[in-house]
Amino acid sequence: VVERLATVRFAPPAANASAWPTKPALPSYGSGVEPVPLLYGDGVVGAGLEGGGRVDGQGAWWWKHQALLPHGRPKLVACERCRGFSLGGVGAGGEMGSGLQLEDSPGWTVHLWDSEDVVVSGLRVRNPAGAPNTDGVDVDSSRNVLLRLVDISTSDDHVAIKSGKDAAGRAFAAPSANITIEDSRFGLGAGLAVGTEMSGGVHNVTARRLTFTPGGHSVVRIKSARGRGGLMDSILFEDIVAEGIDTAISVQMGYKPGPSPENATDPGTPHLGRLTVRRFRAAAIFPGELLCLPESPCANITLEDVTIVTLGEWKCENAATQAAKDVHPKPPSCMPPPVATRSHR
């Protein structure tokens, strides 16, 4: 427990940055090593990190010296193979963001890997603009995770749902499933993301009753790449209010360069199943982008009661909305033409 008004600060290495301890890389990400997180738990059962105080990762030193770090920057908090873990310390009905504050993380702020039955409640995350790769909360190959009453302002994804990368993630085969994000507020940051590392699959994600204040890149952020493989399915965003956003709804299945396209059955081809956005109000520079792959079009996107105040236009590649009821402005349909088949006589 970090008591209210108390601050825990992690001093950076005094001399040799490359001497920071390492541990084996997670099996869903391949071989090699990675830095030991500042606060690290493995196999934690029925415990938590709570209180009204602050944990300061002293990230500025790490960001400045990252060229000297052969294995990258450490995460601030990581819980691997945890069961019944709690983070934040605010019960249902409590005040948003009134629990533990995590700030100035060297890398990802919170990483939950291969864990289940986790509650993150009342957590407050504060990382400044320009802090590289400082995701707020990363839920990775984990099940039954609830985020509620969180208040996150950071320089990358507010929340990212992941499940390993490329062949290693597919071989580990542990999807993230049954993830709920509710009754929370998000400021500076890149949005609520699924991916890009989603090779083990992501299923049953619900984000509801959320507020986005000015400074965000996106609200809905679905992203993958050729080579990832995996299926993202049953993703729901509902009862969302956002203002001052760059792109309200973003789907980028070719977010990063990947190997040359093969076909829909290639194990490295990523797929997006059902994505639903409803009761969504936003003011944004661009309404959205639905950018999917010709070998894996997005044909199960549903928009209902969506109003985006914008002067921009939708971008669309290899995608279509199943239903676009009370949607302003409406996205176009841009499904690829069917592949011609040759008859044999």
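Mentor: A residue is buried under 20% relative accessible area, exposed over 50%, and partly exposed in between (1.4 Å probe, protein chains only). This model is predicted, so local features need pLDDT of at least 70 and side-chain atom pairs count only at pLDDT 80 or more, whereas totals for chains, interfaces and linings use all residues. Residues are numbered from 1 along each chain as its sequence is written, and side-chain values use heavy atoms, with hydrogens and water left out.

Trainee: Is Trp62 buried or exposed?

Mentor: Ring pairs link Trp62 with Trp20 and Trp61 into a cluster. Rings of Phe, Tyr and Trp (its six-membered ring) pair if their centres lie within 6.5 Å; planes under 30 degrees apart count as stacked, over 60 as edge-to-face and the rest as tilted. With a relative accessible area of 1%, Trp62 is buried.

Trainee: Which type of aromatic pair do Trp61 and Trp62 form?

Mentor: The structure holds four aromatic pairs. In the pair of Trp61 and Trp62 the ring centres are 5.2 Å apart and the planes stand at 85°, so the pair is edge-to-face.

Trainee: How many residues apart are Trp113 and Phe172?

Mentor: Trp113 and Phe172 form a stacked aromatic pair, 5.3 Å centre to centre with 25° between the planes. Trp113 is buried at 0% relative accessibility, whereas Phe172 is partly exposed with a relative accessible area of 27%. Helices (H or I, at least four residues) and strands (E, at least two) are DSSP runs numbered from the N terminus. The pair links distant parts of the chain, Trp113 in strand β10 (residues 110-113) and Phe172 in helix α2 (residues 166-172), and the separation is 59 residues.

Trainee: Which residue is the bridge partner of Leu290 in β25?

Mentor: Two strands pair if DSSP finds at least two bridges between them. Strand β23 (residues 275-291) runs parallel to β21 (residues 231-252), to which 13 bridges join it, and eight bridges join β23 to the parallel strand β24 (residues 298-309). Three bridges join β23 to β25 (residues 315-317), also in parallel. Within β25, the partner of Leu290 is Cys316.

Trainee: Over the face of which residue does Lys315 lie?

Mentor: A charge sits over a ring if NZ of Lys or CZ of Arg is within 6 Å of the ring centre and within 35 degrees of the ring normal. The charged end of Lys223 sits in this way over Tyr255, 5.0 Å from the ring centre. Lys315, at 5.9 Å from the ring centre, lies over the face of Phe286.

Trainee: Is Asn204 buried or partly exposed?

Mentor: Phi of Asn204 is about 60°, a positive value although the residue is not a glycine, and Asn204 lies in strand β19. Ser141, with phi near 50°, is in the loop between β13 (137-140) and β14 (143-148). Ser141 is buried at 0% relative accessibility. At 37% relative accessibility, Asn204 is partly exposed.

Trainee: What is omega for the cis peptide bond between His328 and Pro329?

Mentor: Another cis peptide bond joins Gly195 and Thr196, with omega about 0°. Pro329 is in the segment after β26 (319-328). For His328 and Pro329, omega is about -10°.
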